[in-house]
Amino acid sequence: MGDLRARALAALRPPARIDLADWVQEHVFLPASLAAHPGRVRLWPHQIELARSIGDPDVERVSVLKAARTGYSTLLVGAMAHHTANDPCPVLVTVPVDDDARTLMVQSIEPTFAESPALRGALGDGGRRQTLYARRFPGGSLTLVSARSPRNLRGRTARVYFADEVDGYEPTQEGDALDLAMRRTQTFSNRKIVAGSTPTRASTSRITRLYAQSDRRVYECPCPSCGAFHELRWGDITWAPEHPETAAWACPSCGVLATEDDKPGMVVAGRWRPTAPHVVGHHGYRLSALISLLPNAAWPVLVAEYEEAKKDPASLMAWTNTVLGEPWDDEGEEVGDATLAARAEPIGLDCLPADALYLTAGIDTQRDRLECTILGHAREGHTFILAHHVLWGDPEQDPVWMELDALLRTRWKHPLGGSLGIDAAAIDAGDGALMNRVCSFAAPRASRRVVAIKGAAGTRPPIVPSKAQVPGGKLWIVGVDGLKDSLFARLARGASIRFSDQLDAAWFEQLCSERRAVRYRRGQPTVRFERIPGRRAEALDCTVYAIAARYLLSPNWQGREDELRTGAPTAPRQARVIPPVFPRR
């Protein structure tokens, strides 16, 4: 009885304070599959205080606004290990989708635990009452849940909650998964909530809002010349034009340049400074790749990436999010049809630009016609909107489809010497009444990369094959919101999209028929595209579908250019449509 009483009293006592940074570096080992230098974890200087905040029982919340290549994932797994070995309790982890949960468990958590002597076997062997995503250990549990399946949160409570990549969470029928999961910690007075993510758009970013509620810490490094401490910001990185290797940091205090060779010493001597010190119990950290000591995050490397990314607003947005750890400023991205029409140039299918090496088509189906926009694509990422055709006829009858087939088979003379035809085409089958007809038309033309598509809202890849079985052929799903988002950013921020002067004013009005709007869905801001009253949208839809068709191609730019110069055929007669693979952000 005395032994049981002693054990019960010990369980009630708060756990001894453990410096999480020191413990992780002593007990957590990384396998070769996760680290360029496997073995015992060695935290970077900027990670140490962040680890201590995660392990500090007096800090209830930690919010991390982060870039990639900053070591956050290692800290997250280390914190899970700490609660398994030192402070057992119910631990809940949410990630955007099921595949992320599997990747985190199979490729990060399990290999790290297996590699670390102090953790080996701690999560069990998957036996009774164990599943891939729910593991029990003495005194606690570790559960991974997809934010798309908030019903999995029912009946669960957790003292420790880790939310990873929160900007990737989509609103659900039951509410916001982040809010739902946070409520599962309310019964614990000593709860811990750690949320981290690379940001997305400023208007909808969850992690940006969470960081704004914290004490907003920034990492400051001393200038090797004057000793003044400053946060390393992109605006202070300078280089000679077209020479990324000259990248250096210019001290805002003295103006002296610090090179990549100076960076390790600066980062080691750096310090975290809260910019909102009146906030207590909620530590916030802003992490940029500019302070990362990884070789692939050297300043010249980041400058080279920027020079490439700035050619396309969509790429620049991803670079801003993942390298600088900053949300994308989406103000001022609206553009009028008259402004776009004024950019028209003397180009078209009868006078192709020399750098348009591939052609794609997007076809919208209406009750009395088909509408088709044809785009050209250049090696540098430029897009040429070359023509728009209206094919009148009843889509339930053959003649209009025969006319479309003839258009898709047409070839146009290229200034390099050969000729170009349509390399891929996407035809809208979203109207249920015409779906079978569209699929039946596309199926025998799959070797020419002619596909039937259906647009879908939300966060989705540009184009993927549908899992659903449809009569008449195969259906592909197009992520229209993401494609529109990228299209509108490109229209507003640069000349990467060029227009034929053969497009009329009505076409430009249709292209600008929708506007981006932030609406609150179950309490969370989301971006929606809303139709401007009184405007038709065929030109916009056709353009989006033609851009989606571009993702069906794996361009061989040099090979295509050589073929055009020699007059050889520019595309194989038989080409299978291979489902594209899109990397996760």
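A disulfide is a pair of cysteine sulfur atoms within 2.5 Å. The legends below apply this cut-off to a predicted model.

**View 1. Cysteine pairing around Cys226 and Cys251.** Under the 2.5 Å rule, the model has zero disulfides. Cys226 takes part in none, and its nearest cysteine sulfur, that of Cys251, lies 3.7 Å away. Cys226 is partly exposed, at a relative accessible area of 40%.

**View 2. Cys372 and Cys542.** The closest cysteine sulfur to that of Cys372 belongs to Cys542. The separation is 6.7 Å, which is too far for a bond. Cys372 is buried, with a relative accessibility of 1%.

**View 3. The largest cavity.** Two cavities of 30 Å³ or more are found in the model. The largest has a volume of about 60 Å³. Its lining consists of Glu231, Leu232, Arg233, Trp234, Arg286, Ser288, Leu290, Leu324, Gly325 and Glu326. By class, these lining residues are four nonpolar, two polar and four charged.

**View 4. The second largest cavity.** This cavity has a volume of about 50 Å³. Tyr219, Glu231, Leu232, Arg286, Ser288 and Ile291 form its lining. Three of the lining residues are nonpolar, one is polar and two are charged.

Terms used:
Residues numbered from 1 in each chain as written. Predicted model: local features only at pLDDT ≥ 70, side-chain atom pairs only at ≥ 80, totals over all residues. Heavy atoms only, no water. Buried < 20%, exposed > 50% of the residue type's maximum accessible area, 1.4 Å probe, protein only. 1 Å grid on protein atoms, 1.4 Å probe; cavity = no way out; pocket = protein on both sides within 12 Å on 5 of 7 lines; lining within 4 Å. Points joined across faces, edges and corners; volume = space filled by probe spheres on them. Nonpolar A, V, L, I, M, F, W, Y, C, P; charged D, E, K, R; others polar.
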